[in-house]
Amino acid sequence: MAQDTVSVTNPALQEATKKSTIVWRADLEALFNHAKDRFPDVVWEVGEGDDTEQEVWGHKAIVYARAPPSFQARYFSFRPNPYASSPPPTTSALSLDLSSSRTPSPTSLAPSAAPTNTLLRISTSINPALFSNELEYLYTGQGFGEAFEFLYDSSESTPNEADAEELRIDKLRKDLVFMWRSRLYSDVRISLTGNFSSSSNHENTTAIFSSHRFILVSRSQYFHTALLSWPNKQDHQMLTLPSPPFTPASLHFTLGFIYTGTLIFSHRSYDLDTAFHIMRSSIYLSLSTLYDEIQARIVQEMMHGLFHAFLPFPEYERLTAGSWGTGGCRCRQCARRAPRILEFSLADDVKNQLLERGARRALVGLFGEGWCTSEFAALSPKLRDGLLKGLGKRTTPQNAFALVSATEHALARLGAVIDAWSGDVKEMILVARKTIDECVCSQSEACFSSPEWNDIMERDGVAFEDAERVEWIMASVSRGVNERNAAPLYQTLVSSILLRPHTTETDAPMLSPTSHVRVQV
């Protein structure tokens with residue numbers, strides 16, 4: 001095992017997947033090097049008849065799943081029923097729709113008098129170092145490399161070494177998934193008990209996964225501790241995991257990652273809830289690479305970057321230049337998921353500062369129609385107040401008119417919603433609008449010098465959306481004017497709008513006499 005604790009790092013997806021692969025291959029190499037101590041079920045007594053006989057330890061499942069026929073015929077002529085330690089695949093106790101992939105589903109395993117695993121000894125005449133190198137290639141896909149492929153006719157035509165390496169990794173992953181899916185010589189079962197049905201049925205069910213102890217102890221500190229504490233005589237054990245954090249779906253992806261070093265090991269996809277359970281599972285099992293990868297996939301695949309969640313605040317400010325609503329995705333999917341991610345990130349058993357940072361940025365950036373969701377309304381009052389404060393920090397002259405437009409769009413959207421939650425959201429929108437109106441009126445000179453307003457002036461308000469936007473801005477002025485700001489506001493409206501000189505004709509105002517902007521002002 002190359003990992004033993006969950007360290008919350010902040011890698012991008014490419015970095016996370018690369019690290020996952022590196023650690024996975026290192027763990028498989030360690031498995032090969034310490035096979036004798038990790039539940040071996042076959043040992044080769046190899047030598048060339050000159051008193052150099054050595055023992056090379058291994059696992060039948062690896063050889064059965066990975067070795068080409070010529071290797072098996074030469075060094076693994078013993079071909080028993082590969083399901084000797086567990087019954088053949090049976091009907092799933094919990095439908096997870098895995099028919100489109102080669103990955104395993106939890107199964108309902110009836111009690112059976114399974115034969116006890118016994119250590120198989122095979123004697124063969126071959127140079128011990130050569131045989132060890134060949135066997136290492138079965139475990140790691142590296143080491144003996146091209147020579148193995150040449151000897152056993154398992155090579156594939158590739159244009160260069162980089163592509164050949166990718167193919168070797170891909171084949172190793174597929175073979176290990178096949179080994180897992182087929183339960184070849186599996187010697188441990190993992191059970192989950194809970195209410196996993198999405199229907200109204202509240203009865204608990206049990207899902208059982210078959211696995212291999214030698215893989216589990218090599219990839220997870222939790223399994224290493226749990227499984228090595230069993231007496232050796234107990235050849236086929238049942239290991240129970242708690243639910244939560246585990247669910248059948250999350251355990252499926254977690255085990256797939258343990259076997260393959262990636263979450264993309266099948267065509268099956270997962271939703272946001274399952275992603276949350278996978279992250280919690282990675283914490284429970286001390287799988288830091290899984291933690292980093294699922295974190296990166298939530299940010300970059302499920303939340304389209306989550307408003308650059310990986311960037312610290314100074315870098316994010318430099319990127320966005322203080323502009324509200326930029327630097328992130330504002331699609332409906334992100335609007336519905338961002339509140340759930342914020343709540344998840346703050347949970348006592350998660351406390352993920354990176355997801356929290358990205359979710360807060362996203363929810364401030366989604367102000368407007370992005371707040372008009374039941375998921376946003378379900379946030380606690382404390383969290384919603386915090387988001388209002390965050391929005392207040394973005395309520396600057398640079399952003400004021402964009403926020404005015406976002407407010408009007410939100411109120412129009414809420415007008416068509418009859419659900420009870422809309423009242424809470426509307427109240428928040430109106431509180432935010434008051435702050436925005438105060439900004440427009442108290443910092444009127446800066447607001448009406450912004451690039452957004454200058455564009456409207458230069459077009460003389462003739463663009464399709466200009467009339468509506470000017471109307472909304474003037475309504476904001478009407479709401480925000482008071483005794484303190486009335487005088488400077490009046491001066492700004494006259495000098496910066498009505499009497500603003502034309503850019504080329506010095507004796508003429510910028511706005512025409514019939515300008516819609518002039519009429520609204």
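How many disulfides does the count come to in this structure? The count comes to zero disulfides, a disulfide being a pair of cysteine sulfur atoms within 2.5 Å. To see this for yourself, select C334, which is in no disulfide and whose nearest cysteine sulfur, that of C331, is 3.6 Å away. C334 also counts as buried, at 1% relative accessibility, where buried means under 20% relative accessible area with a 1.4 Å probe and protein chains only. Then select C441, which is likewise in no disulfide, the nearest cysteine sulfur being that of C447, 8.5 Å away; C441 is buried too, with a relative accessible area of 1%.

Before moving on, bear in mind that this is a predicted model, in which local features need pLDDT of at least 70 and side-chain atom pairs count only at pLDDT 80 or more, while totals for chains, interfaces and linings use all residues. Residues are numbered from 1 along each chain as its sequence is written, and side-chain values use heavy atoms, with hydrogens and water left out.

Next, select W180, F253, Y259, F265 and Y270, which ring pairs link into a cluster. Rings of Phe, Tyr and Trp (its six-membered ring) pair if their centres lie within 6.5 Å, and a search of the whole structure finds 19 such aromatic pairs.

Now show W24 together with R173, whose charged end sits over the ring of W24, 4.8 Å from its centre. For a charge to sit over a ring, NZ of Lys or CZ of Arg must be within 6 Å of the ring centre and within 35 degrees of the ring normal. The charged end of R361 is placed in this way over the ring of Y316, 4.1 Å from its centre.

Colour helix 12 (313–320), helix 14 (353–365) and helix 16 (381–394), each of which supplies at least two residues of the lining, with helix 16 giving the most, six residues. Helices are DSSP runs (H or I, at least four residues), numbered from the N terminus.

Finally, go to I62 in helix 2 (residues 60–66), which counts as buried at 1% relative accessibility, and select D175, 113 residues apart from I62 in sequence and 8.5 Å apart in space, C-alpha to C-alpha.

Methods: Phe/Tyr/Trp six-rings, centres within 6.5 Å; stacked < 30°, edge-to-face > 60°. Buried < 20%, exposed > 50% of the residue type's maximum accessible area, 1.4 Å probe, protein only.
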